[in-house]
Structure formats: structure tokens, C-alpha cells
Amino acid sequence: MSEYLLEMKDIVKQFDGVRALDGIDIKIRAGECLGLCGENGAGKSTLMKILSGVYPHGTWEGEIKWDGRPLVAQSVRDTEAAGIVIIHQELMLVPELSVAENIFMGHELTLPGGRMNYPAMYRRAEELMRELNMPDINVALPVMQYGGGHQQLVEIAKALNKKARLLILDEPSASLTASEIAILLDIVRDLKSKGVACIYISHKLDEVAAVCDTISVIRDGRHIATTPMQSLNVEQIITQMVGREITAMYPTREHEIGETIFEARHITCHDADNPKRKRVDDVSFSVRRGEILGIAGLVGAGRTELVSALFGCYRGRHEGEVWINGVRADTGTPLKSIRLGLCMVPEDRKQHGIVPDLNVGQNITLTVLKNFSRRTRIDAEAELKTVQDEIARMRLKTASPFLPITGLSGGNQQKAVLAKMLLARPKVLILDEPTRGVDVGAKAEIYRLIADLARQGVAVIMVSSELAEVLGVSDRVLVIGEGKLRGDFVNRDLTQEMVLAAAINQPSHHRATAA
């Protein structure tokens with residue numbers, strides 16, 4: 001009997017002759033949590049697609065042993081039957097189906113004659129939600145009635161229902177609140193105590209350090225090191241991941257702040273499904289040239305709704321005025337906004353940032369195609385030169401600009417969306433969760449890019465759920481709570497405690513300088 005539940009030996013995977021994985025080895029015991037770390041594009045997701053059967057046996061080289069025996073899987077169904085279950089970074093739920101139906105999808109309980117045994121499925125679903133400390137979820141309601149954090153926990157319940165012996169969690173906390181993350185980490189600890197092995201993939205290295213026993217780092221498709229977590233700290237993991245020390249994550253805020261360039265006046269957004277409810281309630285603020293304005297708040301506070309309305313992409317009814325350079329602006333559609341110099345990188349890059357049917361280069365040049373228009377044709381040579389320049393500037397990892405955008409890692413897709421909006425030469429740039437799902441090396445690059453834009457006189461509005469990020473990057477911080485503006489602070493001696501106190505409308509023991 002093998003000491004290890006899983007052994008992956010000398011795994012090699014090629015795409016069009018390019019080695020995405022070049023001899024990867026990982027091992028994991030029952031009841032162990034392995035942290036799999038690496039920058040975007042390092043090969044983590046490719047390795048997990050091999051393990052979970054997305055890439056069937058025969059399409060890669062190497063060997064996988066499961067419980068001491070060779071694993072020859074031709075599909076995800078084969079690996080799930082063995083007890084290997086993956087929870088992908090992009091949720092795999094059907095929004096219109098109920099929580100219970102999503103949990104049992106493909107494994108439905110039936111009555112004689114083939115009818116669905118809904119009472120039994122509801123009972124089991126409720127039992128699973130209690131295990132996940134979410135007893136208030138109504139398992140009969142459509143899953144789309146719940147936010148991203150709850151949906152992530154439904155995905156975990158679905159995996160637990162499949163009696164997983166090895167649970168792969170790919171960026172599981174990307175859309176979770178701090179309290180939900182604490183629940184998630186407790187769930188992982190509980191699974192470990194029951195003998196379930198876990199592979200935890202996350203760019204949030206504090207979570208990795210809190211819950212993982214062993215850390216395996218891969219870089220550019222190669223295995224760098226496997227080390228007990230007790231012998232490491234977060235800084236050492238980062239150094240292994242990027243091959244260099246990142247001494248200053250946040251750049252110094254050395255840029256000149258000029259006159260007011262952007263104003264939002266009395267912005268109100270009504271819920272798209274319940275127009276009587278206000279998601280944003282009479283919010284007004286301004287931003288100056290070269291200023292980085294951070295927008296903080298708890299999940300559901302109305303931050304994304306606010307910036308979506310400003311850019312002209314909020315799907316519900318909304319009112320208010322946008323002024324650019326002292327002139328009232330018509331930002332009724334994203335195209336109108338972009339033409340006025342107001343650009344936005346959206347929170348959900350999969351749904352709203354990329355066009356999945358186009359390649360990397362075509363996605364990058366979408367906002368400036370007119371620059372390459374020569375009467376009835378596109379100057380492909382000029383377009384390609386621009387694309388190559390942007391790929392180099394953004395340090396975007398892609399074998400070719402002609403590859404499908406969906407073939408890139410999440411972080412590199414984010415860089416492509418950023419490049420697309422920067423080509424439009426914005427006066428005001430809205431960034432909604434710009435580093436979500438992005439590794440520490442790419443985060444540092446994005447922070448420096450934001451600082452460079454501010455130095456060039458671009459006004460930057462950045463929405464982020466990471467308070468350390470907001471405080472590390474911003475000149476000024478707006479705090480939104482329950483759709484209302486709860487605070488407007490100059491970022492001087494501002495603390496996370498002050499921001500949270502404003503977000504929940506509680507008095508802080510300290511005072512910040514209001515703008």
C-alpha cells in the first residue's frame with residue numbers, strides 16, 4: 001500500500017509544440033492539504049485539468065498513481081468516480097436551477113419510475129448546508145438568488161455530496177467575504193480531520209499559510225520546490241513563485257494631483273429585479289487629474305453597481321449626472337463613455353471583459369479598431385505591431401497573439417482587458433477588482449501600472465474588496481455602505497479599522513482627515 005493517496009510523476013503537457021508543463025511531480029497523503037502556488041500562466045490549472053480528467057489520459061505524458069495504482073481517466077466522470085473532485089475558479093452552476101438541483105446535478109435521487117425524489121434531495125442539501133454553516137439557505141430557491149459567496153459554498157456542497165477523497169479548490173475564496181473565508185478554511189480543516197486530501201490553489205497566500213501542510217511551487221511549467229509549510233513564510237513562497245524578491249508590493253505615491261476632471265452627481269441605482277429597492281442611493285463624488293480614488297465597502301454595498309452606472313453598463317434603472325472636464329457627459333452606453341475618455345475594466349472579466357470567440361490580439365484592439373481601418377479593410381500589420389507592443393508592455397504570457405483568449409490564465413486575460421482599455425487613452429479609468437484572481441507578481445505589476453497612469457495625469461477609480469490594496473494604492477478612499485456614501489477620507493494615517501467602521505456605519509476610535 002502506498003504512503004501517498006496521489007502521485008503525479010514527470011507530467012508533461014504540450015500545446016502546439018509549446019511545453020505548458022515540463023516534468024511536474026507532486027504527492028499528497030490522505031488528510032493532507034497541499035498548497036499549489038505559482039504565478040498566472042505557471043501551469044497550475046493545466047496540471048489540475050490533467051488530474052481531474054478534463055485532459056484525458058493519452059493527451060499528456062507521465063504517470064498518475066491513485067491509491068498506489070495507475071489512474072487512467074478518460075473524462076471527469078472517471079476521476080469523480082475515483083473520488084477526485086475539482087471546484088473550478090469559474091463556478092459551474094446553472095443559475096436557474098435550485099440549490100438542491102445544482103448539488104445533485106448528474107447524481108439525482110429518483111423514485112420508482114424515474115421521477116425526481118425532491119424531498120430526499122432537499123433533506124440532503126439542507127444537511128450539507130448545515131455542515132457548511134449556512135443553514136439559512138433555502139435549497140429550493142434558484143441558485144441565482146444568492147450572491148457569489150453563497151454560490152461558492154454551493155459548489156463545495158456539490159463536491160462533498162460526491163464523497164470526494166481528494167478535493168481540488170481552485171481560487172475558492174475569490175468571491176467570498178472575510179467571514180465566508182473563515183468558514184471555508186474551517187471546512188478544509190474539518191475535511192482534513194476526516195482523511196480527505198485537499199489541493200488548495202490561491203493567490204491569497206495568507207490563506208495558503210493558514211490551512212496548508214505542504215507547499216508545491218511551479219514556475220513556467222516547471223517544478224521549483226515542495227516544502228513543509230512550517231519551514232516557510234509568505235515572503236519565501238513569493239520568492240519561489242516569481243524567482244525574485246518583491247521588496248515593495250505597493251509603489252510610493254509620488255504623482256501630482258491636479259484639478260477636478262470627473263464628477264458623479266446624485267447617482268441612484270435601482271435593483272434590476274426589484275425596482276423598489278435602491279442598490280445605490282444618491283451618491284456624489286469627484287476625482288482629480290492624477291488622483292487614485294479607492295472605493296471600499298462590504299460585499300453587496302453597491303460599489304460595482306455605482307461604477308457600472310457611471311460607465312453606462314448597469315442593467316437596471318438609474319439616475320444621476322456625470323461631468324467630465326466641467327461638461328455634463330452622456331455616458332448612457334459603454335461606447336459613448338469610451339469616446340469621452342471614460343474607460344472601465346469590469347469585475348467579471350469572463351462575462352464582461354473578454355470576447356471568448358476572439359483571439360488575444362483581437363480582444364486587445366477592440367476599442368481602437370478604427371485606428372487600423374483603411375477604408376474597407378483592416379491594416380493587419382499595424383494592428384499586429386500594436387498588439388505585440390501591448391503584450392510586451394503588460395508582460396502578458398501567451399505563445400502567440402493568435403491564440404484564443406480563453407486559453408490564457410485568468411490573470412493574463414485580465415492583463416489583456418487592461419491593455420484593451422489603455423489603448424483607448426482614458427482620461428478617467430475605472431478598475432473594478434483589478435487584481436482578483438491575479439498572482440502576487442502580476443499584482444505588483446498592476447499596482448505600478450496604476451501609479452504610472454496617475455503620473456501621466458489619468459484619474460483612476462479603483463474598486464477593491466482587499467482593504468490592504470485600497471490603502472496601499474489610493475490617494476483618497478470612498479467608503480460605500482448599503483448603497484450610501486459613508487466616508488470620504490484622504491489616505492493619510494488611514495487604517496483598515498477606520499474604513500470598516502465607516503462601512504458598517506459605526507463610529508471609529510480614530511479620526512481620518514476627510515477630503
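This is a predicted model: local features need pLDDT of at least 70, side-chain atom pairs count only at pLDDT 80 or more; totals for chains, interfaces and linings use all residues.
Reader: Which element gives the largest share of the lining of the second largest pocket?

Author: Four elements each supply at least two residues of that lining: β2 (18-28), α1 (44-51), α11 (349-353) and α14 (410-422). The largest share is 5 residues, and the element it comes from is α1.

Reader: On to the rings. How many aromatic pairs are there?

Author: Two rings pair if their centres lie within 6.5 Å. Going by that rule, the count of aromatic pairs is 4.

Reader: Is the pair of Y118 and Y122 stacked, edge-to-face or tilted?

Author: The ring centres of Y118 and Y122 are 5.8 Å apart, with 40 degrees between the planes. Stacked needs planes under 30 degrees apart and edge-to-face needs over 60.

Reader: Which helix holds both Y118 and Y122?

Author: Y118 and Y122 are 4 residues apart, about one turn of the helix. Y118 is partly exposed at 28% relative accessibility, and Y122 is partly exposed at 27%. The helix they both lie in covers residues 118-131, and that's α4.

Reader: How many residues apart in sequence are the parts that F262 and F285 tie together?

Author: F262 and F285 form a tilted pair, 6.2 Å centre to centre and 40 degrees between the planes. F262 lies in strand β11 (residues 260-270) and F285 in strand β12 (residues 278-288), so the pair ties together parts whose separation in sequence is 23 residues.

Reader: Are F262 and F285 buried or exposed?

Author: Buried means under 20% relative accessible area. F262 has 0% and F285 has 6%. Both values fall under that cut-off, so F262 and F285 are buried.

Reader: Which residue lies over the face of W323?

Author: Two charges over rings come up here, and one of them is K13, over the face of Y55 at 4.6 Å from the ring centre. Over the face of W323, at 4.0 Å from the ring centre, lies R265.

Technical notes
Residues are numbered from 1 along each chain as its sequence is written. Side-chain values use heavy atoms; hydrogens and water are left out. Rings of Phe, Tyr and Trp (its six-membered ring) pair if their centres lie within 6.5 Å; planes under 30 degrees apart count as stacked, over 60 as edge-to-face and the rest as tilted. Buried means under 20% relative accessible area, exposed over 50%, partly exposed in between (1.4 Å probe, protein chains only). A charge sits over a ring if NZ of Lys or CZ of Arg is within 6 Å of the ring centre and within 35 degrees of the ring normal.
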